[in-house]
Amino acid sequence: MCACSVDVGSGVGKAVVAVAMITPARAVGLEIVAERAERAAAGLAEAVDRGLLSKAEAARAEVRQADALLPDAIPLNTSYAYVSNLCFSDELNRGIVAVLRSLPRLRCVASLAELPQGPVAVEDDGAQVEAQAHAEEAEAEAEAQAQAEAEGSSHASATCKLRLVRTLRVPMSWDDQTRLYIQCCLR
Ligand SMILES: C[S@@+](CC[C@H](N)C(=O)[O-])C[C@H]1O[C@@H](n2cnc3c(N)ncnc32)[C@H](O)[C@@H]1O
């Protein structure tokens, strides 16, 4: 099954379009403000009209007007999530973390502010850190797989712990060195 990625708080849908454009994943955006969700839907349609997004890519992309904290708002098969949470309250961040952690297929979450969970902050300053992050991801995956097999299931389903595995610097419109925190599931 193809991975599902979710932009939690998708605004006018830029990240949703980008994911549909450059990855094979299903791209879902959840936006609580109706007017932004409507603009995102219009933007998706316009991207197809302009030939920026193929119909097949657009078929994998969707923006829903919803409160991401409500039950079932975030698809259960979400593997990857993005949270543009620089302006989110602690309470909202905690709520999002609680929902994400309960998703049975969740692998990693990228956020602009570190999510309120995860014991060790790792600054990406070289190959050693990268190698460590990859080793940790592989270890987490192996653990999850072993647990799933032990439970006779094709995927792990326990609530996971989000661990910060990497911090990247990415260019944004307001700053070309914005931190992006990559937090992955340990089950
Ligand atoms: C920084 S903006 C979105 C940026 C967008 N992710 C992007 O990359 O272009 C954050 C958005 O989160 C939305 N938001 C805040 N709380 C939310 C919630 N509980 N559920 C869904 N969306 C929410 C806000 O309305 C706002 O549009």
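Which of the 16 residues around the ligand come nearest?

1. Ligand shell. The model is predicted. G9, G11, I32, A68 and S84 come nearest, out of 16 residues around the ligand. By class, the shell residues split into 7 nonpolar, 4 polar and 5 charged. Two elements, α1 (14-22) and β2 (26-31), each contribute at least two residues to this shell.

2. Core. The largest nonpolar core holds 39 residues. V6, V8, V16, A20, A40, A81 and V109 have the most contacts inside it. Helix α1 gives this core its largest share, 5 residues. In soluble globular proteins, nonpolar side chains tend to be buried together.

3. A20. This residue is among those with the most contacts inside the core. Leaving aside residues up to four places away in sequence, A20 touches A27, L53, E57, A58, R60 and A61.

4. Helix α2, geometry. Residues 34-49 form α2, which has 16 residues. From first C-alpha to last, α2 reaches 23 Å. That is close to the 22 Å expected at 1.5 Å a residue.

5. Which residues of α2 are buried? They are A37, A40, A41 and L44. These residues lie on the same side of α2 because they cover an arc of only 95° around the axis. E35 and D49 are exposed on the other side. The cover over the buried residues of α2 includes α1, β2, α3 (55-59) and β3 (61-65).

6. After α2. G51 comes just after the helix and takes a positive phi of about 80°.

Note on methods:
Residues numbered from 1 in each chain as written. Predicted model: local features only at pLDDT ≥ 70, side-chain atom pairs only at ≥ 80, totals over all residues. Near = placed C-beta within 6 Å. Helix = DSSP H or I, 4+ residues; strand = E, 2+ residues; numbered from the N terminus. Nonpolar A, V, L, I, M, F, W, Y, C, P; charged D, E, K, R; others polar. Core = buried A, V, L, I, M, F, W, Y, C linked by C-beta atoms within 7 Å. Buried ≥ 20, exposed ≤ 12 C-beta atoms within 10 Å, placed from the backbone. Contact = placed C-beta atoms within 7 Å. Expected span 1.5 Å × (residues − 1). Arc of directions from axis to C-beta.
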